[in-house]
Amino acid sequence: MVLYKLEDFEPSYQESFDGHDIKGLGVYTQGTDEKVGTVSDVLVDEEGHFRYLVVDLGFWIFGKKVLLPIGRARIDYNTDRVYTIGLTREQAEDLPEFDERQTLDYDYEERVRGVYRQPTDYNLPVEAATPLDPLAGLDPLGTPVAPLGTTPTYARDSYTYENEPALYGLNEQDHQTLRLYEERLIASKRRQKTGEVTIGKHVETDTARVAVPVERERVVIERVTPADAGTPVSGREADFREGEVARIEIHEETPDIRKEAFLREEVRVRKVVEQDTVETQETVRREELDVNSGNLPIEER
């Protein structure tokens, strides 16, 4: 059977006690009202049932912590005290010391139970009761029971806390507080990733066309007949020379194309938060008090 610290099992356990913390309550002997120690922790089983109070016996035995079965304790929330039922100083000295670093196994718990067990507590069904024992009997369902006034023994593999209500049951006489619980919807938000947007850039190519006006020179030869054609000229004026050449330079323009980068636009990326209200519903439970008093007068406050 695995046991857990109350805080590890239910971190918000104080909500079940109206905000009170059972840890730190003083532990007193019932009847003598002598302080024994302080509750330093609570151990629960896999279903969350209280099984032990870890008591620091600083007022009796300095530096020693022991386990107090919940059935041997009475928790008084009105006075913020825990009263032990039938625990003596001698028993406290016999109890094995509790060390949370050590494994809490069946053998250790048996040592604890052996100190608290009282023969007058038992006439209950136990698997290990010997049916051949002339003092043993059967309950109405035919289950072997240990005779009243004897301390039963149990099997390691079949032991349950329900076998010993005297140690682990909540005694109705000592626990008169009846708590009514209800469920409430607690709204919270959980942030989760829904996707991812990747923004990058790539290069596309295109063919750009541009018109550039250019000039090109050409030679035009014109032959014209002068107005004084046919008029005789003197020999001095008529200068016949061979090989005379006229030179004219011809030019033309060609397009000179180059590329230059310009800033076209900026792309700014940011996130915006959109708010919305989501409504949900769930079935919640609530405990109501049923009072069966017969003909007795009952006053509720």
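The legends below describe close-up views of one predicted model.

Residues are numbered from 1 along each chain as its sequence is written.

**View 1. The tilted pair of Tyr 28 and Tyr 83**.
A search of the whole structure finds six aromatic pairs. Rings of Phe, Tyr and Trp (its six-membered ring) pair if their centres lie within 6.5 Å; planes under 30 degrees apart count as stacked, over 60 as edge-to-face and the rest as tilted. The ring centres of Tyr 28 and Tyr 83 are 6.3 Å apart, and their planes stand at 45°, so this pair is tilted. Tyr 28 belongs to strand β2 (residues 26-29) and Tyr 83 to strand β7 (residues 81-84). The pair links distant parts of the chain, 55 residues apart. Helices (H or I, at least four residues) and strands (E, at least two) are DSSP runs, numbered from the N terminus. Tyr 28 is buried, with a relative accessible area of 14%. Tyr 83 is buried too, at 12%. Buried means under 20% relative accessible area, exposed over 50%, and partly exposed in between (1.4 Å probe, protein chains only).

**View 2. The edge-to-face pair of Tyr 106 and Tyr 159**.
Here the ring centres lie 6.0 Å apart, with the planes of Tyr 106 and Tyr 159 at 65°, so the pair is edge-to-face. Tyr 106 sits in helix α3 (residues 106-116), and Tyr 159 sits in the loop between β9 and α4. The pair therefore ties together parts that are 53 residues apart in sequence. Tyr 106 is buried, with a relative accessible area of 14%. Tyr 159 is buried at 4%. Both residues belong to one aromatic cluster, formed by Tyr 52, Tyr 106, Tyr 159, Tyr 161 and Tyr 168.

**View 3. Asn 163 in its loop**.
Asn 163 lies between β9 (144-145) and α4. Its relative accessible area is 19%, so Asn 163 is buried. A polar atom of its side chain lies 2.9 Å from the backbone nitrogen of Thr 160.

**View 4. Gln 91 in helix α2**.
The helix spans residues 89-94. Gln 91 is buried, with a relative accessible area of 16%. The backbone nitrogen of Thr 88 is 3.0 Å from a polar atom of the Gln 91 side chain. Not counting residues up to four places away in sequence, Gln 91 touches Gly 86, Val 115 and Tyr 116. Contact means heavy atoms within 4.5 Å.

**View 5. Glu 215 and its contacts**.
Glu 215 is found in the segment after α4 (165-168). With a relative accessible area of 55%, Glu 215 is exposed. Leaving aside neighbours within four places in sequence, Glu 215 is in contact with Glu 252 and Glu 253. Thr 254 is 39 residues from Glu 215 in sequence and 8.0 Å away in space, C-alpha to C-alpha.

**View 6. The second largest pocket**.
This pocket holds about 1,200 Å³ of space. Of its 27 lining residues, the closest to the centre are Arg 190, Arg 191, Gln 192, Thr 194 and Glu 274. On a 1 Å grid over the protein atoms alone, a pocket is an open set of points where a 1.4 Å probe fits, with protein on both sides within 12 Å along at least five of seven lines; lining residues have an atom within 4 Å of a point.

How values were computed: This is a predicted model: local features need pLDDT of at least 70, side-chain atom pairs count only at pLDDT 80 or more; totals for chains, interfaces and linings use all residues. Side-chain values use heavy atoms; hydrogens and water are left out. Grid points are joined across faces, edges and corners, and a volume is the space filled by probe spheres set on the points. A polar contact is a pair of N or O atoms within 3.5 Å; within protein, one must be able to donate a hydrogen and the other to accept it, and residues adjacent in sequence count only if both atoms are side-chain atoms.
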